[in-house]
Amino acid sequence: MSKIDHEIRKLQKRVTNGGIDRREFIKAATAMGFAATAPALYSHAAYATPKKGGTYRVGFGGANTGDMLDPADNGDTFMINMNMGGCRNALVEVSANGQAVPELAESLEPSADAKTWVVKLRKGIEFHSGKTFDADDAIASLEHHRGEDSTSDAKSVANSLGNIRKDGPNTLIFDLESGNADFPYLLSDYHLLMGSADSAGKVDWASGDGTGAFVVKNFEPGVRAHMVRNDNYWKPGCANFDEVKITAVNDAVARTNAMATGQMDAIVRCDLKTAPMLEKKSGVSVIQVSGTKHFTYPMDVRQAPFDDNNVRMALKHAIDREAFVNTVLRGYGSLGNDHPISSNQNYHAGDLPQRQYDPDKAKWYLKQAGHSSIDVEIAAADAAFNGAVDATQLYSEAAKAAGVNIKVNRVSPDGYWNNVWMKVPWSACYWSGRPTADWMFTIGYKAGGNWTDSFWDHPRFEALLVAGRAELDEAKRNDIYVEMQTIVRDEGGVVVPCFANNVDAASDALGRPGKLAGNWELDGSRSIERWWFK
Amino acid sequence: MENQLLRLVAGRLALGILTLVAISLLITIGVEALSGDVCTAMMGQMASEDKVAACHRALHLDRPVLVRYLEWMVNFAQGDMGQALTNHRDVADVIGNRIGNTFFLAVSAALIAVPVSLILGVLAALYRNSFFDRSISMITLSGVSVPDFFIAYILMAIFAVSYGFFPAISNIDETMTLAQRINASALPVLTLTLAVSAHMMRMTRASIVSLMASPYIEMAKLKGIRPGRIIVFHALPNAWSPIIQVIMLNLAWLVVGVVIVEVVFVYPGLGALMIDAVFLRDMPTVRATAMIFATVYVVLNLLADILSLMSNPRLMHPK
């Protein structure tokens with residue numbers, strides 16, 4: 001293969017991986033002398049048609065022996081991929097472009113104030129058991145997460161769905177407490193999956209019975225799962241593999257090795273240190289998609305010295321974000337701007353200036369607060385995010401130049417979320433992000449929220465949050481969310497140094513859609529139903 | 001003599017049961033002393049007061065520890081290991097799936113490590129202070145000095161990534177044939193073999209060497225018996241006792257101490273299960289695995305004593 005052939009292959013690979021678009025491809029291909037054939041070369045790379053067959057062997061992390069098929073408990077890649085993209089569906093899914101599109105729903109219609117939503121369900125969809133999916137199944141599946149005895153991770157989302165009633169066998173009506181233009185996104189939550197209900201309105205989740213592309217044959221929590229194709233699957237172009245074998249590989253190095261030695265067709269979350277080496281291996285692609293996951297340092301703004309916004313601003317200017325992305329993320333990420341909305345999300349405030357490492361400005365803010373230097377402490381453990389302790393050391397070193405003395409308190413990763421996060425005044429943390437600005441702000445920044453880890457309360461922000469949620473006019477909504485991002489950036493209690501990309505790996509024998517979803521790793525956690533063997 | 005053995009076995013078994021009770025108590029206190037419980041561990045970042053309270057009610061964790069412990073003990077004594085607090089699977093099923101894997105790994109490693117280290121130990125004693133003795137010592141001692149996960153990664157880099165002889169991860173399952181199983185678990189077995197050989201080999205060498213100055217060995221030498229024969233037929237029978245103790249200790253380690261190797265090679269064994277259960281504060285699973293591990297120790301120690309006794313005619317036939 002000549003060098004130029006190799007280059008054009010590489011370019012095509014980037015198209016397939018969703019790295020560049022048509023325009024960029026044609027420009028680059030023309031420069032290489034492929035002017036006449038460039039469009040055809042592009043189509044070949046972008047619109048490969050799915051083929052049926054093969055056994056998809058995929059390795060996920062975050063699995064443990066306590067895992068279960070009840071989506072209320074799912075929280076990491078193994079179970080999310082097995083459940084959401086494997087054996088079950090939700091009412092709404094998130095497309096590769098980040099839009100909420102109906103899945104088991106057929107349509108979602110809001111009232112003028114976005115308070116009442118009429119959701120029509122697809123007709124004639126069958127569970128693996130042969131039962132037909134209807135409104136009773138949907139209500140039972142959603143109610144499962146609510147009520148006093150619910151321990152579901154989606155309890156607060158499910159509670160925000162308001163009163164749910166059915167109107168005939170294929171229609172649901174949701175009466176929300178207040179208008180929510182993002183309502184369809186709520187139904188795309190990976191916990192809110194549809195199971196088949198018995199006559200008492202209970203779902204037997206452990207059976208694995210769902211409407212999804214694959215039927216569970218064998219599931220050993222924390223070890224493996226084996227699924228076979230649901231020949232009756234309703235979604236066009238999906239369910240292409242004959243069989244899917246999922247293996248739990250929690251160790252990133254072991255996962256990467258398994259990929260490198262051909263034991264896996266795809267893995268989630270490469271070991272970032274060795275990802276560049278994996279990239280060089282022929283037959284393997286490292287797939288990088290910008291996502292919503294971000295690392296944070298929430299401060300308790302009720303406590304001194306964090307109650308002074310000047311101190312907070314000083315601390316926000318004392319972190320070297322570039323170094324953070326380059327060392328902690330090894331370049332697989334982008335700079336954070338002290339707010340939680342990532343650049344690939346709707347309403348991202350792209351015009352807001354990027355906050356930089358600026359010791360002089362930090363000193364100035366400290367002076368405004370009446371300090372010449374300040375001593376603070378951050379608690380960190382690698383449970384907060386991979387490399388959190390080193391990252392915090394890095395922060396501490398950079399901050400010295402600004403007169404900010406950060407003591408890094410290395411704590412135990414075991415029980416970190418119970419004992420440290422939101423218990424000490426300043427700690428390291430991560431957020432996987434939420435699909436919409438409203439959702440992210442509500443869960444992590446709203447005054448008095450269970451997970452508002454900065455204990456922040458800002459009247460203007462609160463007013464905007466309510467106004468933005470019910471606003472159906474896109475332009476007005478955009479203004480509201482831009483203002484909220486500005487307020488969080490300049491007055492909030494959270495340092496957001498970076499957004500992490502989703503970095504996965506896949507064999508080149510696999511076919512993938514032209515653009516991959518970024519809401520979760522491996523094509524929005526749906527590689528199992530969306531991908532195929534070429 | 002039989003009486004003596006029986007008395008020993010009965011006494012040890014009674015003590016063993018006491019040990020098990022003590023360990024179950026210690027484990028319970030230990031896990032209770034850890035922060036959080038199964039509810040907060042499962043919910044992690046997303047825990048909230050009302051959810052945790054609901055979870056406590058559902059799992060009956062609102063009752064005192066002592067009550068829960070005694071209840072478990074009564075059930076356990078009747079052979080009921082209970083259900084996992086996390087996903088309510090029967091602990092017996094979960095363990096049943098993995099115990100075979102753990103013993104397969106331990107037995108495979110032992111089948112290689114024990115004969116090899118005995119033979120090397122004898123040879124090292126035979127050619128003591130020679131180049132051979134020193135190099136064998138150096139190699140095996142490096143094996144034991146380097147952490148086992150490091151050996152694992154090196155073996156993986158050489159045999160899986162560079163040459164592709166064996167798979168990098170050992171995700172064995174029950175549908176595999178014996179040959180596939182052996183192939184899949186080759187690297188963990190090799191890692192464990194390297195990790196345990198040094199101890200057994202050094203002990204074999206040391207206990208033989210210490211006997212070589214004994215008068216009866218001098219006598220044998222004076223009679224003109226070949227050195228190899230002296231070691232195997234004259235020294236070794238008297239050296240068995242400490243060797244057996246060390247072998248049993250290492251066998252026990254092969255069952256209970258291989259967590260890291262299991263994690264690195266993604267081998268579905270009991271060690272990884274126990275660590276998982278501790279992280280999740282899943283008490284029934286932690287207790288059940290601890291009981292299995294403790295039983296392994298008790299039984300192997302007992303076996304070591306019986307074998308030592310049988311290998312020593314003076315103990316077998318007291319005056």
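I take helices as DSSP runs of H or I, at least four residues long and numbered from the N terminus. The model I am reading is predicted.

**Entry 1: Ile23(B)**

I started with Ile23(B). I found Ile23(B) in helix H1 of chain B, which covers residues 2–33. Buried or partly exposed? Ile23(B) has a relative accessible area of 26%, so I log Ile23(B) as partly exposed. The cut-off for buried is under 20%. I then looked for its partners beyond four places in sequence. Ile23(B) touches Met291(B) and Ala294(B). I also checked Phe279(B), which is 256 residues from Ile23(B) along the chain. The C-alpha atoms of Ile23(B) and Phe279(B) are separated by 19 Å.

**Entry 2: chain B overall**

I stepped back to the whole chain. Chain B has 15 helices and zero strands. Its C-alpha atoms fill a box of roughly 85 × 60 × 35 Å along the principal axes. Of the 319 residues in chain B, 46% are buried. I looked at contacts with a separation of 6 or more. In chain B, 73% of these join residues 24 or more positions apart. The accessible surface of chain B is about 15,600 Å². Carbon and sulfur atoms hold 70% of that surface.

**Entry 3: a nonpolar patch on chain B**

Next I went over the surface of chain B. Which residues make the nonpolar surface patch of about 690 Å²? I listed Phe149(B), Phe150(B), Ile154(B), Ile158(B), Tyr163(B), Phe165(B) and Ile260(B). Helix H7 of chain B, residues 148–162, gives the most to the patch, with four residues. I picked out Ile154(B), which lies in H7 of chain B. Ile154(B) is partly exposed because its relative accessible area is 38%, between the limits of 20% and 50%.

**Entry 4: Thr193(B)**

Thr193(B) sits in helix H9 of chain B, residues 186–211. Its relative accessibility is 8%, so I count Thr193(B) as buried. Leaving aside neighbours within four places in sequence, Thr193(B) contacts Ala109(B), Ile112(B) and Ala113(B).

**Entry 5: nonpolar cores**

I looked up the cores next. In soluble globular proteins, nonpolar side chains tend to be buried together. The largest nonpolar core here has 68 residues. Which members touch the most others? I noted Tyr297(A), Phe385(A), Tyr395(A), Val404(A), Trp426(A) and Phe441(A). Strand S17 of chain A, residues 494–507, gives the most to this core, with six residues.

Phe385(A) touches Phe295(A), Tyr297(A), Phe324(A), Val328(A), Ala391(A), Ala428(A), Cys429(A) and Tyr430(A).

**Entry 6: helix H4 of chain A**

I checked how far H4 of chain A, residues 77–87, is covered. How many of its residues are buried? I got 11 of the 11, so the rest of the structure largely encloses H4(A). Among the buried residues of H4(A) are Phe78(A), Met82(A), Asn83(A) and Gly86(A). What covers them? The cover includes strands S1 (55–60), S8 (214–220), S9 (224–229) and S10 (243–248) of chain A. It also includes helices H18 (521–525) and H19 (527–530) of chain A.

**Entry 7: Asp338(A) and Arg355(A)**

Last, I went to a loop of chain A. Asp338(A) lies between strand S13 (333–335) and helix H12 (359–368). Arg355(A) lies in the loop between S13 and H12 as well. Asp338(A) counts as buried because its relative accessibility is 0%. Arg355(A), at 4%, counts as buried too.

I traced the polar contacts of Asp338(A). Its side chain meets the side chain of Arg321(A) at 2.9 Å. A polar atom of the Asp338(A) side chain also lies 2.9 Å from the backbone nitrogen of Val496(A). Asp338(A) and Val488(A) are 150 residues apart in sequence, but 7.0 Å apart C-alpha to C-alpha.

With the side chain of Asp490(A), the Arg355(A) side chain makes a polar contact at 2.7 Å. Beyond four places in sequence, Arg355(A) touches residues including Met313(A), His317(A), Asn337(A) and Asp338(A). Asp338(A) in turn lists Arg355(A) among its contacts, along with Lys316(A) and Val494(A).

Conventions
Residues numbered from 1 in each chain as written. Chains lettered and ligands numbered in written order. Predicted model: local features only at pLDDT ≥ 70, side-chain atom pairs only at ≥ 80, totals over all residues. Heavy atoms only, no water. Helix = DSSP H or I, 4+ residues; strand = E, 2+ residues; numbered from the N terminus. Buried < 20%, exposed > 50% of the residue type's maximum accessible area, 1.4 Å probe, protein only. Contact = heavy atoms within 4.5 Å. Polar contact = N/O pair within 3.5 Å; in protein donor to acceptor, adjacent residues only side chain to side chain. Patch = residues over 30% accessible without salt bridge, like charges linked within 9 Å, V, L, I, M, F, W, Y side chains within 5 Å. Areas by Shrake-Rupley, 256 points an atom, 1.4 Å probe, with all protein chains shown as cover. Salt bridge = Lys/Arg side-chain N within 4 Å of Asp/Glu carboxyl O. Core = buried A, V, L, I, M, F, W, Y, C linked by side-chain atoms within 4.5 Å.
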